[in-house]
Amino acid sequence: MLRPPPSTLTWCRLLLAAFLALGSRALAHNPGLSSANLVVQEQAIDALLVFNAKEIEALVARNPAGKGTLESLARHALALTMDGQPLIPEAVEARPDQADNVEFHLRFPRAPGAQLGITATLLDDLPSGHRQILEVHDAGDALLARDLLSHERTGATITLTAPPQARHTFVDFLKLGIEHILTGYDHLLFLCGLLLVCDRFGTAVKIVSCFTVAHSITLAAATFDLITLSPRIVEPAIAASIIYVGIENLLRRGEMRWRGLLAFVFGLVHGLGFAGALREVGIGAGGRGVAVPLAAFNLGVETGQLAIAAVLLPVIWRLRRYPAFPRLGVPACSLMIALAGAIWFLQRTVLAS
Amino acid sequence: MRSARKKTLLAIIGLTGAAAVMFWMDLPPVGLQPARPSTKRQPTPGPLDILSIPHSGDTPLDVEIRTLQKAVSGASGRTKTDSLTRLGWAFVTKARLTYDAGFYTLARQAALSVEQLAPNNADARLLRGHVLHSQHRFAEAEVLARSLVSSRVNPQDHALLSDALMELGRIDEAVGACQKMADLQPSLPSYLRIAHLRWLEGDLAGATEIARKAAEMGSSRDAEPAAWADSALAGYEFQAGDVQASIRTADAALALVPDYAPALLIRGRALLALDRIADALESLRTAARKNPALDYQWTLADALRVNGRAEDAAKIENAMKLHGASEDARTLAVFLATRGEQCPMALELAKAELAVRKDVFTYDAIAWSALANGDLDTARTNMTKALSAGTQDARLFLHAAAIAVRDGRAEEGARFASQARAFEHTLLPGERELLKKIATQ
């Protein structure tokens, strides 16, 4: 039952106490108000933090660490845990908006779990009295929680009512593997490049097997955290492998002697790229239950690969019956593959924002 | 075939080289499309959304705030706007009691909510004006107060106007507004305002007399206002040199509200003047813990230094330097100039404050930090403005003496130093040392 509003006496007391402050010099300042908006999605948690630009400028001025300070602030502006396990942001952006604010965009991988711990870590560095409005939404825009954070209480724990729905079963991870290879155009193009010059079934089996064995090794090693290589190295390397296979097709004109080794070496690099997809759903790097998802995902990748090879090879062999194909078609396709690889390479290095 | 191998080898070397350069240059992360943060955004929460977040705490005021929040959510029309206004004032009271300026932010949300529902609601505008004043937006507060004063008869509107004008350095106009407030409602807040204005104009005896009347109006039933009035009186008694009386009055305030920060500060300063350092530290430590304001921290740091605890003092001073610019730029400027540290920044902070308020203490801060930077012209001009109201304050006289001495006006310097000595007990230990040095020059 609602209690009645305060009596007139209480009301007068509030006003009296409030107006006493004016009998002296003003004591306060404007400590600021920021917001943190989280959207809990199936595979990731997106966070948008908005601060007044002046507050962030003051923080940067206080820590003049040089290049990357703003991004570093953004990276440390919010700490998330799932069932007590820290989540590491996998993408961070900091940019000004048009209303004299600075926006921090962070994406965290969503690990399995129900207790989402949120800590506004920047509050300790902001003026005392700063408040941060925290809102958590689900993927369907439903409000899961709203809270007001301050110096005294910098965090909150939200119980996610619906546990992660996706990628729980063997079949889910199998599908994820198939989906990843079918929509991973860079992997597909590399495979195309390898198979383009194959004229025998046995050679194709050998190349696909070498590629499969190699990427299985690095996928497993990366998922079990035995190898850790930054995407800033892996992704350009994958693009470079595509350029290489295109150029080699052009230069070596069907020479198949080293193709198995080539497929194996670059397969190692592509495996590290596949591991990134598993990390996005919280497998590996602090996630739990690695073996079954890894096996299912890998099987899915192989299934996808075989399906592509099964479609592609008959077409290539059919085309090879025409003399113009090896002479003109293969070089033209190889050139396009190399060009696509070069574009990806540039996008993932010098053009990356 | 050899040529093809050579080209292949060159291609491999080229690509490896490019990758090595990228790695060495520490290029930004690659734009991994699946890992880019979402650009989808939710609508920004409005003032009512913010106010709907349940307040926490166990004090009677906290319970009252939660009750008002529920009343707001269940009401409509006039009942809702009234409840929102009361909620806003409750947050103002909370800010005042906890020294947490974040509650002013919430009070502002309450005022904005009312004004959204009922534009031109005078009570909400008064609330917003009060928040503007508390957030040092004095010029905006004055505009709002003037429009309120012209539209209705309410002593609080005159109070707001008086306070804004006082900070803007227009003391005569502030006195007029305060007189109207007192005419409409002789009360503890109006008496305390008059006392403060009298003190600003150099009438310490008059200020003390009126503050005593205000203190007599206080009652233990409304303990905090009474404690505030006692603390103000203790401050004037301390200024007047009646240190023992000021300790007694501060103790009376503390009997009403235990650990009341303003009373503890005055008590601590009075004990410091009596060289009872250990007792002073006890009061000042509690005061500084309760109220993070820079003048509280500075007083504690100076007391610790006197007590030979330079390391503890340095910790507090470092925190002041770290957060002071955003919390209280003017006090930080005076502190830095007194210590002769980061003097250019001190002057910059003090000058920036002039855009916000033009009272005697801002001119003093500019003058003092200009002197620290060797800018005698700026120091002289601003010191004249700082002294123009006739305020009898040891720190003002100390700064005036230092400027006059450095300016070669030895006689004037000696006169200001003598005036400062009359109130020497109100200076911090570090400032007392400074005064001794100036007096010997």
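Predicted model: local features only at pLDDT ≥ 70, side-chain atom pairs only at ≥ 80, totals over all residues.
Local features are given where pLDDT is at least 70, side-chain atom pairs count only at pLDDT 80 or more, and totals for chains, interfaces and linings use all residues. Residues are numbered from 1 along each chain as its sequence is written, chains are lettered from A in the order in which they are written, and side-chain values use heavy atoms, with hydrogens and water left out.

**View 1. Chain A as a whole.** Chain A has 10 helices and 10 strands. Helices (H or I, at least four residues) and strands (E, at least two) are DSSP runs, numbered from the N terminus. Of its 353 residues, 52% are buried, where buried means under 20% relative accessible area, exposed over 50%, and partly exposed in between (1.4 Å probe, protein chains only). Among contacts in chain A with a separation of 6 or more, 74% are between residues 24 or more positions apart; a contact means heavy atoms within 4.5 Å. The chain exposes about 15,600 Å², and carbon and sulfur atoms supply 63% of that area. Accessible areas come from the Shrake-Rupley method with a 1.4 Å probe, and for residues only the protein chains shown count as cover.

**View 2. Strand β6 of chain A and its two partners.** Strand β2 (residues 44-52) runs antiparallel to β6(A) and is joined to it by 9 bridges; two strands pair if DSSP finds at least two bridges between them. In this pairing, A:Ile45 stands opposite A:Phe108. Strand β5 (residues 91-96) also pairs with β6(A) in the antiparallel sense, over 6 bridges. Here A:Ala91 has A:Arg107 as its bridge partner. β5(A) and β6(A) form a hairpin with 4 residues between them, and A:Asp100 in the turn has a positive phi of about 60 degrees.

**View 3. A nonpolar patch on chain A.** A:Phe170, A:Val171, A:Val292 and A:Leu299 make a nonpolar surface patch of about 350 Å². Patches are made of residues with over 30% relative accessible area and no salt bridge; like charges are joined within 9 Å, and nonpolar side chains (Val, Leu, Ile, Met, Phe, Trp, Tyr) within 5 Å. A salt bridge is a side-chain nitrogen of Lys or Arg within 4 Å of a carboxyl oxygen of Asp or Glu. Helices α4 (170-183) and α9 (291-320) each supply at least two residues of the patch. A:Phe170 is in α4 and is partly exposed, because its relative accessible area is 39%.

**View 4. A:Glu179 in helix α4.** A:Glu179 lies in helix α4 of chain A. With a relative accessibility of 41%, A:Glu179 is partly exposed.

View 5. The largest nonpolar core has 139 residues, of which B:Phe91, B:Leu200, B:Tyr236 and B:Tyr260 touch the most other members. A nonpolar core is a set of buried Ala, Val, Leu, Ile, Met, Phe, Trp, Tyr and Cys residues joined through side-chain atoms within 4.5 Å. Leaving aside residues up to four places away in sequence, the residues that B:Leu200 touches include B:Met166, B:Ile171, B:Val360 and B:Phe361. A second, separate core of 47 residues includes A:Phe211, A:Leu219, A:Ala296 and A:Phe325.
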